[in-house]
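Me: I would like to learn how to read some features of a protein model. Please take them one at a time.

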Amino acid sequence: MPVGASGIILNGPVLETALIDKPSALEAIYDPLQYETGVPFELLDRLRSENAVLWVDEHALPNWPAGKGFWLVLRHREVGQVLKNPRVFSSALGATQLLDPPSGEDLRYVRKMLLNMDPPRHTRLRRLLQNSFTSRAIKKLEAGIHDHARSIFDRALQQDDEGECDFASSMAADMPLLSLADILGMPQEDRYLMYDWANRVIGFQDPDYKVSDSFDQSCASDIAREALKLRPQPDAQGNMPNPRAKSGMPDLYRYARLLAEHKRQSPGEDVMSILLAQVDEEGGQLTIEEFENMFWLFSVAGNETLRNGIPGGMLALLQHPQAMQQLRSDPGLLPLAVEEMLRWWTPVMIFRRTAAQDTQLGEALIRAGDKVVVSFVSANRDEEVFDNPAQFDIKRSPNPHYSFGYGPHFCLGAQLARTQMQAIFGELLRRLDHIELAGEVRYLRSNFQRGVKYLPIRWRRK
Ligand code: HEM
């Protein structure tokens with residue numbers, strides 16, 4: 001009887017693949033270095049054709065510590081089954097990252113974050129947050145997004161008729177920062193703090209990002225000045241403290257606490273002010289710790305995802321000039337095109353759950369306590385669901401991609417993210433009549449976010 005690395009009995013064809021003789025081939029799935037050259041699509045396609053769910057050992061790699069191994073869920077159907085069933089596949093037991101939190105105390109802390117909760121705690125907090133995105137607040141945010149897109153292109157193009165720039169930093173990075181500052185009711189001049197925080201969290205494996213320090217302190221608010229006193233410094237090897245522990249991000253938590261205190265005293269019209277004023281069914285309010293974690297979640301989840309999703313969409317258009325032409329001739333296709341960009345690029349490649357009980361998924365018998373990792377990047381190319389999945393087709397409809405997840409944790413910012421992408425690409429196509437790649441693209445070293453660090457383009461104004 002074939003026995004998997006976790007001691008779990010595997011049925012089906014798992015052990016018949018040549019790859020099982022070379023378990024190191026599976027390292028490409030979780031090796032952060034791999035993603036500097038791209039997603040291992042061929043490997044994922046092959047694995048998905050053989051298994052819905054596969055056991056992956058986690059060996060120590062130069063950029064990754066050894067782990068206890070995980071089940072990788074490759075097919076669309078089974079990814080959906082995991083995500084819609086929090087009783088069996090918990091977000092709280094081991095939190096939602098491939099890497100376990102560094103200590104029990106850190107695990108307890110991150111479980112105060114919406115993302116890492118199960119019902120009923122998750123249901124209470126999510127309801128409070130959803131109620132804070134009032135239709136008035138959303139309308140205001142959406143109008144702001146279109147203004148931001150115009151000002152981003154005014155600044156990037158200036159008075160020039162043509163030019164070259166890094167699309168990722170000049171045209172994509174500022175959009176989520178401007179929008180998040182609106183949502184959080186944060187002074188706009190502080191927004192690049194979120195850029196540095198998100199870099200530290202998501203780019204932890206990437207030497208270019210982990211010590212990110214781009215914030216211009218000369219225009220910082222009083223809150224930012226106070227928080228920056230706690231900014232951690234790199235150690236002798238150039239490493240920062242673990243950003244997924246509370247102790248690794250003291251400046252972010254200080255900022256959040258000061259902002260919450262300020263908002264409780266003088267609330268604004270932003271979503272976070274509304275949230276802080278809400279009262280739940282038992283008459284309770286959001287605690288400061290819950291706010292701090294919410295602030296962390298928004299600063300990172302609403303930021304890095306788009307900073308990578310927007311350049312990912314740009315790359316799709318650059319690599320498919322016919323699609324760009326189609327979109328120019330029929331701008332009404334933009335909403336469908338953005339969905340396809342999200343599927344084709346898949347900015348968040350994986351998420352993690354922990355089995356709360358023994359269960360069967362596909363051909364795998366999963367034991368309580370096992371890590372279960374859903375691969376959005378694989379499910380979004382499942383040939384059972386998407387015709388010609390490797391093809392970028394801006395008319396694809398329906399397009400049931402999992403880029404925003406599925407089930408109770410479905411992305412709360414999905415609508416705002418779509419609006420931001422539509423605003424950027426709408427503005428780009430309105431203003432420029434020619435865009436081409438102007439050099440080598442550089443990708444993020446991360447097994448979690450599919451990131452673009454540098455995307456040089458040459459453009460010409462209409
Ligand atoms: C292209 C951009 C984005 C992508 C690809 C993305 C992706 C995701 C995914 C996959 C999840 C589900 C996590 C899980 O199942 O455990 C999620 C959750 C979440 N996202 Fe997004 N996101 C994006 C933009 C945003 C924005 C702009 C915001 C805020 C304005 C946001 C806020 C959140 C929050 C609060 C959650 C947690 C929901 C919960 O746990 O109930 N996201 N996102």
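Me: What should I know about the model and its numbering?
Reply: The model is predicted: local features need pLDDT of at least 70, side-chain atom pairs count only at pLDDT 80 or more, and totals for chains, interfaces and linings use all residues. Residues are numbered from 1 along each chain as its sequence is written.

Me: How does α14 pack against α16, and at what angle?
Reply: Helices (H or I, at least four residues) and strands (E, at least two) are DSSP runs, numbered from the N terminus. Axes are lines fitted to C-alpha atoms, for helices over the stretch in contact, and angles run from 0 to 180 degrees between N-to-C directions. Helix α14 (residues 304-319) and helix α16 (residues 334-345) pack at about 100 degrees, with axes 9 Å apart. That makes α14 roughly perpendicular to α16 (under 35 degrees is roughly parallel, over 145 roughly antiparallel, 65 to 115 roughly perpendicular, the rest oblique).

Me: Which residues of α6 are buried?
Reply: A residue is buried if 20 or more other C-beta atoms lie within 10 Å of its own, exposed if 12 or fewer, and partly exposed in between, with C-beta atoms placed from the backbone. An α-helix has 3.6 residues a turn, so residues three or four places apart point the same way. In α6 (residues 135-157), the buried residues are Ile 145, His 148, Ala 149 and Ile 152. Just after α6, Gln 158 has a positive phi of about 50 degrees.

Me: Which residues are closest to the ligand?
Reply: A residue is near a molecule or strand if its C-beta atom, placed from the backbone, lies within 6 Å of it. The ligand is surrounded by 26 residues, the closest being Gly 302, Thr 305, Gly 405, Cys 411 and Gly 413. Helices α13 (288-301), α14 and α18 are the elements giving two or more residues to this shell.

Me: Where does the backbone have cis peptide bonds or a positive phi?
Reply: Most residues other than glycine have a negative phi, and most peptide bonds are trans. Here the bond from Pro 119 to Pro 120 is cis, with omega near 5 degrees, and Pro 120 is in the loop between α4 (104-110) and α5 (121-132). The bond from Ser 397 to Pro 398 is also cis, with omega near 0 degrees. Ala 95 has a positive phi near 65 degrees, and Thr 346 has a positive phi near 55 degrees. Thr 346 is buried, with 25 other C-beta atoms within 10 Å.

Notes. The expected span of a helix is 1.5 Å times one less than its number of residues.
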